[in-house]
Amino acid sequence: MVTKEEVENVVKAIVDEKFVKSVDVNEKGDVAVTLAKDTPNIDDVLIKLNAELGRIEGVGTITINREREMKAEENAELSEELILEKLKEVIDPEIGIDVVNLGLIYELKVRPDRTVYVKMTMTTPGCPLTMWILRAVEDKVLEIPGVKDAEIELTFDPPWTPDRISQEYRKRLGLY
């Protein structure tokens, strides 16, 4: 079983302690790390943290969050439809289709505390743009007025297939 101390040691080796807001490890070995919103070189930090934490034996799901300020529009109406429309702005640069029409979004929930949960996948487990796409999805969700925080979970179960592409884009691509 992975310990909080093991995880904290890995985190502190990658990012300055002053940017680490919290580290949590549950009984299943799932890890949640929250970093300060002003963490420098955040893209590099996310990639390194994900890779290094994944090497620790017993680590389950890895969730890396960034600290957020609540926007003034805390009473703004939030809906799954609104969020999906915003996520259509995230385009997979290799394929040229947004993450919604590509079928990468498996689940989306707006929680009572105004945190948005997105469970998504990539077209392949070895996608070199995984961290970039995950960050882009998080950033788009957090642009929506009234969203307190975003939790993005990456899964490969079930694996993505071209059948998940929307009807409209299947027609455009000639995949009937």
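A pocket is an open set of grid points with protein on both sides within 12 Å along at least five of seven lines. The views below show a predicted model.

**View 1. The largest pocket and its lining.** The largest pocket holds about 440 Å³ of space. Its lining is made of 18 residues, and the closest to the pocket centre are N50, I62, L134, I152 and L154. At least two lining residues come from each of α2 (42-54), β3 (62-66), α4 (130-143) and β8 (149-154). By class, the lining of the largest pocket has eight nonpolar, five polar and five charged residues.

**View 2. Helix α1 against helix α2.** The axes of α1 (residues 4-14) and α2 lie 10 Å apart, at an angle of about 150°. Angles over 145 degrees count as roughly antiparallel, so α1 and α2 are roughly antiparallel to each other. The crossing of α1 with α2 is right-handed. On α1, the contact is made by V7, V10, V11 and I14, and on α2 by V45, K48, L49, E52 and L53. Seven residues of this contact are nonpolar, two are charged and none is polar.

**View 3. Helix α3 against helix α4.** Helix α3 (residues 80-87) and α4 cross at roughly 130°, and their axes come within 9 Å. The two helices, α3 and α4, are therefore oblique to each other. Their crossing is right-handed. I83, K86 and L87 of α3 make the contact with V137, K140, V141 and E143 of α4. The contact of α3 with α4 contains four nonpolar and three charged residues, with no polar ones.

Technical notes
Residues are numbered from 1 along each chain as its sequence is written. This is a predicted model: local features need pLDDT of at least 70, side-chain atom pairs count only at pLDDT 80 or more; totals for chains, interfaces and linings use all residues. Side-chain values use heavy atoms; hydrogens and water are left out. On a 1 Å grid over the protein atoms alone, a cavity is a set of points where a 1.4 Å probe fits but cannot get out, and a pocket is an open set with protein on both sides within 12 Å along at least five of seven lines; lining residues have an atom within 4 Å of a point. Grid points are joined across faces, edges and corners, and a volume is the space filled by probe spheres set on the points. Helices (H or I, at least four residues) and strands (E, at least two) are DSSP runs, numbered from the N terminus. Ala, Val, Leu, Ile, Met, Phe, Trp, Tyr, Cys and Pro count as nonpolar, Asp, Glu, Lys and Arg as charged, and the others, Gly among them, as polar. Axes are lines fitted to C-alpha atoms, for helices over the stretch in contact, and angles run from 0 to 180 degrees between N-to-C directions. Angles under 35 degrees count as roughly parallel, over 145 as roughly antiparallel, 65 to 115 as roughly perpendicular and the rest as oblique. A crossing is left-handed if the near helix is turned anticlockwise from the far one by less than a right angle, and right-handed if clockwise. Contact means heavy atoms within 4.5 Å.
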